[in-house]
Amino acid sequence: MGAKRGEGSWGAMGAAETPAGRLRRRFPTYGDLDRRARRRIARFAYDFVAGGVGDGAPNVAHNRAAMDAVRIVPRYARDVSAVSTATRLFGRDYAMPLGVAPMGNVGMVWPEADAILAAAAQQARIPYVSSTVANVGMERLAAIAPDVFWFQLYGLPADAHAISVDLIRRAEAVGAHALVLTLDVPMRQKRVHDIRNGLVVPFRYRPRTLRDIALAPFWALEMLRRGQPRFENMRKYVGEEAGVGELAGFVHRHMTTGVTWDDIARFRDLWPRALVLKGLQHPEDAERAAALGVDGVWVSNHGGRQFDAAPASIDTVPAIAAALGGRAKVLYDGSVRSGLDVFRALAVGADFAFAGRAFLLAVAALGREGGAHATAAFMEELRTTFAQAGARSVEEAARCCVLHPNAVRFEREEGNAMPQEAPRLRVLDPGEGRSHSGGLARTGEDARTINEPERLP
Ligand SMILES: Cc1cc2nc3c(=O)[nH]c(=O)nc-3n(C[C@H](O)[C@H](O)[C@H](O)COP(=O)(O)O)c2cc1C
């Protein structure tokens with residue numbers, strides 16, 4: 001009875017419960033999916049997804065606290081009967097301003113997770129960004145999601161980036177609509193939970209790993225059926241018959257350091273479509289990107305997985321948007337777990353948001369049904385948030401009234417006393433110099449961002 005009433009927009013009132021309606025009733029939030037995923041998959045696989053860098057994953061928690069601190073002041077008595085979440089990015093139409101962030105090695109979380117998410121994105125018409133270290137090759141993923149396929153590149157610097165260049169050519173050949181160059185992994189990070197869990201590719205069956213596997217029998221059976229995941233994009237360089245270990249060893253040897261601004265300039269010349277730099281948080285880096293003709297700056301701290309001292313990514317969006325001044329699009333990720341979070345990102349200055357774990361944990365929890373469940377949940381929540389905020393379009397969402405107490409403000413130092421290469425921007429304490437503009441470059445007349453002198457807990 002309660003189930004039927006709870007069907008809402010996914011099923012007719014009083015009609016028999018649909019499979020989608022049942023999932024909606026059982027897993028209405030990210031928290032529900034997270035709990036199910038934690039029980040269902042091996043501990044080392046769950047920690048690989050949910051974890052950060054150091055003990056307690058402080059940057060993951062920081063991203064969440066900062067997101068929760070963003071408040072939207074509602075506007076009522078507007079006609080919201082025709083809310084549209086549709087938007088355009090880099091010349092293409094998408095159903096909402098949300099995409100699937102690139103995630104590598106997700107075959108360890110659920111067999112074919114890359115393909116499941118690509119299919120869900122294609123069906124929902126939202127961008128799907130495939131990782132360099134995906135477990136399904138880009139050629140196959142682009143065929144699954146031809147209208148929404150993007151490719152993410154990690155630099156492989158050996159031989160003057162010969163393999164990076166080949167990956168770019170392959171991404172162009174399969175029709176990727178955008179190339180996303182990830183910059184916030186200048187070196188492999190020391191992630192303590194993975195070290196403690198003995199997580200290596202291919203798996204090494206130590207007592208702890210065996211215990212984790214034994215406690216997740218359904219997951220273990222699925223993995224046994226499909227075999228260990230491989231870095232499929234690398235087969236071309238290692239050999240078509242290469243095994244899991246050879247492919248992993250190749251990635252380990254070649255993905256050593258990141259890319260430099262010179263490399264970015266070179267990749268810009270090579271890549272004819274939209275180029276996005278992912279992982280930036282400093283306005284001077286954003287300015288440099290715009291000067292190189294980059295089309296999008298993706299504000300991100302890698303979901304708190306790279307640098308425990310980094311600011312929460314949502315808190316650096318306004319400064320990046322101001323620095324770009326419309327010269328490039330602002331993309332965002334970090335703790336986007338609901339449609340409300342997508343809206344918050346738009347409200348503080350992003351043009352488009354992406355989520356990683358919210359999609360992947362849905363697949364970990366629900367397998368093949370997880371992708372479609374996540375996209376439907378995001379869409380439903382985004383529409384209701386639009387209505388609460390009184391916004392009828394993405395443009396109106398960007399002009400809503402938002403409180404962003406912890407937005408990081410940057411100020412240029414006076415004079416020329418600093419050497420050229422030293423940092424020339426100073427971060428103000430959030431309480432210093434109250435601002436009522438928030439430095440948002442792209443907001444309209446009735447926009448308001450209010451910085452309150454308040455600190456994160
Ligand atoms: C399991 C996992 C693997 C990831 N692999 C990649 C990757 O291969 N390339 C990349 O640019 N970012 C990668 N990321 C970072 C995501 O693209 C994104 O920045 C992050 O997940 C956003 O935070 P959220 O998970 O809180 O939404 C990965 C994230 C996760 C959770």
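**Note on the predicted model**

1. Where pLDDT is low, the predicted coordinates should not be read in detail.

2. Now the chain overall. Its mean pLDDT is 89. Of its residues, 87% reach 70 or more.

3. The ligand site comes next. Around the ligand stand 23 residues. Ala101, Gly104, Ser131, Gly303 and Gly356 are the closest. Which helix gives the largest share of the shell? Helix α18, residues 357–366, does, with three residues.

4. What is the make-up of that shell by class? The residues around the ligand divide into 10 polar, nine nonpolar and four charged.

5. Helix α17 (residues 339–347) packs on helix α19 (residues 370–389). The angle is about 55 degrees, and the axes lie 7 Å apart. That angle makes α17 oblique to α19. The crossing of α17 past α19 is right-handed.

6. Which residues make the contact between α17 and α19? From α17 come Gly339, Leu340, Val342 and Phe343. From α19 come Phe378, Glu380, Glu381, Leu382, Thr385 and Ala389. By class, this contact of α17 with α19 has six nonpolar, two polar and two charged residues.

7. A further helix pair is worth a look. Helix α15 (residues 283–291) and helix α16 (residues 317–324) pack at about 35 degrees. The axes of α15 and α16 are 9 Å apart. Here too the crossing, α15 past α16, is right-handed.

8. On the α15 side, the contact uses Pro283, Ala286, Glu287 and Ala290. These meet Ala319, Ile320, Ala323 and Leu324 in α16. The residues of the contact of α15 with α16 divide into seven nonpolar, one charged and no polar. Glu287 in α15 is one of the residues in this contact.

Methods. Residues numbered from 1 in each chain as written. Predicted model: local features only at pLDDT ≥ 70, side-chain atom pairs only at ≥ 80, totals over all residues. Near = placed C-beta within 6 Å. Helix = DSSP H or I, 4+ residues; strand = E, 2+ residues; numbered from the N terminus. Nonpolar A, V, L, I, M, F, W, Y, C, P; charged D, E, K, R; others polar. Axes fitted to C-alpha atoms, helices over the stretch in contact; angles between N-to-C directions. Parallel < 35°, antiparallel > 145°, perpendicular 65-115°, else oblique. Left-handed = near helix turned anticlockwise from the far one by under 90°. Contact = placed C-beta atoms within 7 Å. pLDDT = per-residue confidence, 0-100.
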